[in-house]
Amino acid sequence: MMGRNQSVISEFLLLGLPVEPEHQNLFYALFLVMYLTTVLGNLLIIVLIQLDSHLHTPMYLFLSNLSFSDLCFSSVTMPKLLQNMQSEVPSIPYAGCLTQMYFFLFFADLESFLLMAMAYDRYVAICFPLQYTTIMSPKLCLSLVVLPWVLTTFHAMLHTLLMARLSFCVDNVIPHFFCDMSALLKLSCSDTRVNELVIFIMGGLILVIPFLLIIMSYAQIVSSLLKVPSVRSIRKAFSTCGSHLSVVSLFYGTVIGLYLCPTASNSTVKDTAMAVMYTVVTPMLNPFIYSLRNRDMKGALGRVFHKKKTLFSL
């Protein structure tokens, strides 16, 4: 028994996407374009917020952190996926697998907390507009950014350490395109009850509670609007909350669909498709949602380009 530890195997094989070999190059080009779009789009939002003083507000502080989280979240899985799609042996070292799992959990959890912070910001802005600057003080905003980074660090480390104690003996094939925690638990030849219990408890704290707080924030916003109904106030609320609601729907919709819906006979294909949605598609779409539906972002983009054009003309 002493010899049956995680050192029995030195690497895992990632099966990747359920794609026919003749379509492999097409999907490689598609995912490469999607990844580059994700990187450039989120970098553009971060740079715009840094360059334009009009965007130095709590909402855009959270948005810049969300964009950084999206960029990193996609980078945890996409480069390895692209590499393995061009490799004859799509493997990942044991240590690399645990590292990927750690950062995957870290940035997924961070996104959940940041979406909650953005929902609270919208709640204060609409329900308490006169006290907004007092409530959303620099100290509170800093706390709403720093605290998620600290909590997600410990949460991801907890799951990684619990995974590191498990034994992996014979089967090292992961039917996924990244080191998914549930897939690794199925491969383990150790008792995984402690891991599953921690996943159940911490999953409720990290994902369900922020989601419920977001729902409560928007319930309060709707209640506030109904007390003094007007077309102008409803339009203003929709313009400030529409982008955030779209991002929340994309992120939590796919996560709930993956982890809470009953599994079917084609669960592996479904799990992979849903994972692609929230690891690849959602981080790519977020910059488009915030730039195309947000007048402040479009205005900032125009001002930055105008400054550049003025500098080049001199």
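1. Is cysteine 179 buried or exposed? Cysteine 179 is buried, with a relative accessible area of 1%; buried means under 20% relative accessible area, exposed over 50%, and partly exposed in between, with a 1.4 Å probe and protein chains only.

2. The model is predicted: local features need pLDDT of at least 70 and side-chain atom pairs count only at pLDDT 80 or more, while totals for chains, interfaces and linings use all residues. Residues are numbered from 1 along each chain as its sequence is written, and side-chain values use heavy atoms, without hydrogens and water.

3. One disulfide (a pair of cysteine sulfur atoms within 2.5 Å) is found in a search of the whole structure. Cysteine 97 and cysteine 179 form this bond, with sulfur atoms 2.0 Å apart. The torsion about their S-S bond is about -125°, so the disulfide is left-handed.

4. Cysteine 97 is buried as well, at 1% relative accessible area. Two further cysteines are buried: cysteine 72 at 16% and cysteine 141 at 5%.

5. Isoleucine 174 is in contact (heavy atoms within 4.5 Å) with residues including Cys97, Cys179, Phe12 and Leu184, leaving aside neighbours within four places in sequence.
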